[in-house]
Amino acid sequence: MLSWEQRLVEQIHALGVPARLHICGNTKKIVRGMGETKCEIVDLDFLTPLAEARAAMGPEQVLLGNIDPVRALRDGTPESVYAAIGECHAQAGARYIVSAGCETPRGTPAENVRAMARYAAEHN
């Protein structure tokens, strides 16, 4: 499977654009391979611990994600969202992009999304 992913990424790069990889679900068993695709950004679902992904992929890989989009982002408070993103950032390290793990669900309070944006602005 990895060779197909790598060939796809090569074709995307041939177009002159960066590649981002997202695979839904718990990808703990394949995070090393995800890093080997040579995608500029690896977007991790909330089920995959960022610390494990960082350890498997090394310090140069850009990681994106991965707070729980329902329990943390939709159902949380701005304060708890900010803290959850901070924990993700701590696990991922410097090469990190603030985001939910998977899509932001309908009904997510705008103030919770603004809390993510505020964290990103304050920690760029």
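**The sheet**

Biologist: How many bridges join β1 to β2?

Modeller: Strands here are DSSP runs of E with at least two residues, helices are runs of H or I with at least four, and both are numbered from the N terminus. Two strands pair if DSSP finds at least two bridges between them. β1 and β2 run parallel, and the number of bridges joining them is four.

Biologist: Before we go on, what kind of model is this, and from which number are residues counted along each chain?

Modeller: This is a predicted model, in which local features need pLDDT of at least 70 and side-chain atom pairs count only at pLDDT 80 or more, while totals for chains, interfaces and linings use all residues. Side-chain values use heavy atoms, leaving out hydrogens and water, and residues are numbered along each chain, as its sequence is written, from 1.

Biologist: Thank you. In what order do the four strands form the open sheet, and which are the edge strands?

Modeller: In general, strands of a sheet pair through backbone hydrogen bonds, either parallel or antiparallel. Here the pairing is parallel and the order is β1-β2-β3-β4. Each edge strand pairs on one side only, and the two edge strands are β1 and β4.

Biologist: Which residue stands opposite Asp43 in β3?

Modeller: Asp43 belongs to β2, where His22 stands opposite it. β2 also pairs with β3 in the parallel sense, over three bridges. There, the residue opposite Asp43 is Leu64.

**Salt bridges**

Biologist: Which residue forms a salt bridge with Asp43?

Modeller: A salt bridge is a side-chain nitrogen of Lys or Arg within 4 Å of a carboxyl oxygen of Asp or Glu. The search of the whole structure finds four of them. In this one the closest N and O atoms are 2.5 Å apart, and the partner of Asp43 is Arg20. The pair links distant parts of the chain, strand β1 (residues 20–23) and strand β2 (residues 41–44), with the two residues 23 positions apart.

Biologist: Is Asp43 buried or exposed?

Modeller: Buried means under 20% relative accessible area, exposed over 50%, and partly exposed in between, with a 1.4 Å probe and protein chains only. Asp43 has a relative accessible area of 5%, so it is buried.

Biologist: How far apart are the closest N and O atoms of Arg71 and Asp68?

Modeller: Arg71 is exposed at 62% relative accessibility, whereas Asp68 is buried at 13%. These two form a salt bridge, and the closest N and O atoms are apart by 2.9 Å.

Biologist: Why do the buried residues of α5 line one face of the helix?

Modeller: In general, an α-helix has 3.6 residues a turn, so residues three or four places apart point the same way. In α5, Val81, Tyr82, Ile85, Cys88, His89 and Ala92 are buried. Seen down the axis of α5, these buried residues line one face because they fall within an arc (taken from the directions from the helix axis to the C-beta atoms) of 120°.

Biologist: Which residues are exposed on the other side of α5?

Modeller: The buried residues of α5 are covered by elements including α3 (50–57), β3 (62–64), α4 (69–74), β4 (96–97) and α6 (110–122). On the other side of α5, the exposed residues are Glu79 and Ala90.

Notes. Contact = heavy atoms within 4.5 Å.
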